[in-house]
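Dear colleague,

Please find the structure below, handed over for your use.

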Amino acid sequence: KPRWAQSLWVGGFAMASKFAIGDKVDQAFSNHAEGTIVAILTDGVGDCRYAVEIFGHRTIQIASEASLVARGNGV
């Protein structure tokens, strides 16, 4: 379950993030792409982006908060 109240200090200001490093997620637009949050970043305008290690593909994808959903496996 995402930790909604978590915040990180980035560049001297608090950044609230929906997910935390280590959270298990699925891509909202795909029923087979699942992964783990490995980093939380901000883009040029300050929007939150997540680096997600995709299971089975050995790749890292950068995703927006809206494109991810928490994996419903009780984690």
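In which loop does Arg58 lie? Arg58 is located in the loop between β5 (48-54) and β6; strands (E, at least two residues) and helices (H or I, at least four) are DSSP runs, numbered from the N terminus.

Please note that this is a predicted model, in which local features need pLDDT of at least 70 and side-chain atom pairs count only at pLDDT 80 or more, while totals for chains, interfaces and linings use all residues. Residues are numbered from 1 along each chain as its sequence is written, and side-chain values use heavy atoms, with hydrogens and water left out.

Arg58 has a positive phi of about 55 degrees, although it is not a glycine. In general, most residues other than glycine have a negative phi. Arg58 is exposed, with a relative accessible area of 80%. Here buried means under 20% relative accessible area, exposed over 50%, and partly exposed in between (1.4 Å probe, protein chains only).

The sheet

Five strands form an open sheet in the order β6-β5-β4-β3-β7, with antiparallel pairing; two strands pair if DSSP finds at least two bridges between them. Because β6 (59-64) and β7 stand at the edges with a single partner strand each, one side of each is left without a neighbour in the sheet. From one strand to the next the twist averages 45 degrees (axes are lines fitted to C-alpha atoms, for helices over the stretch in contact, and angles run from 0 to 180 degrees between N-to-C directions). The antiparallel strands β3 and β7 are joined by three bridges.

Gln27

Gln27 belongs to strand β3 (residues 24-27), and its bridge partner in β7 is Leu68. The C-alpha atoms of Gln27 and Val69 are separated by 6.3 Å, although the two residues are 42 residues apart along the chain. Gln27 is buried, at a relative accessible area of 11%. Leaving aside residues up to four places away in sequence, Gln27 touches Ala33, Ile54, Gln61, Ser67 and Leu68 (contact means heavy atoms within 4.5 Å). The side chains of Gln27 and Gln61 are also joined by a polar contact of 2.6 Å. A polar contact is a pair of N or O atoms within 3.5 Å; within protein, one must be able to donate a hydrogen and the other to accept it, and residues adjacent in sequence count only if both atoms are side-chain atoms.

Salt bridges

The whole structure holds two salt bridges (a side-chain nitrogen of Lys or Arg within 4 Å of a carboxyl oxygen of Asp or Glu). One joins the side chains of Asp26 and Arg71 (3.4 Å, N to O). This pair links distant parts of the chain, 45 residues apart: Asp26 is in strand β3 and Arg71 in the segment after β7 (68-70). Arg71 is buried, with a relative accessible area of 15%. In the salt bridge of Arg49 with Asp43, the closest N and O atoms are 3.2 Å apart. Arg49 is partly exposed at 26% relative accessible area, and Asp43 counts as partly exposed at 24%.

Yours sincerely
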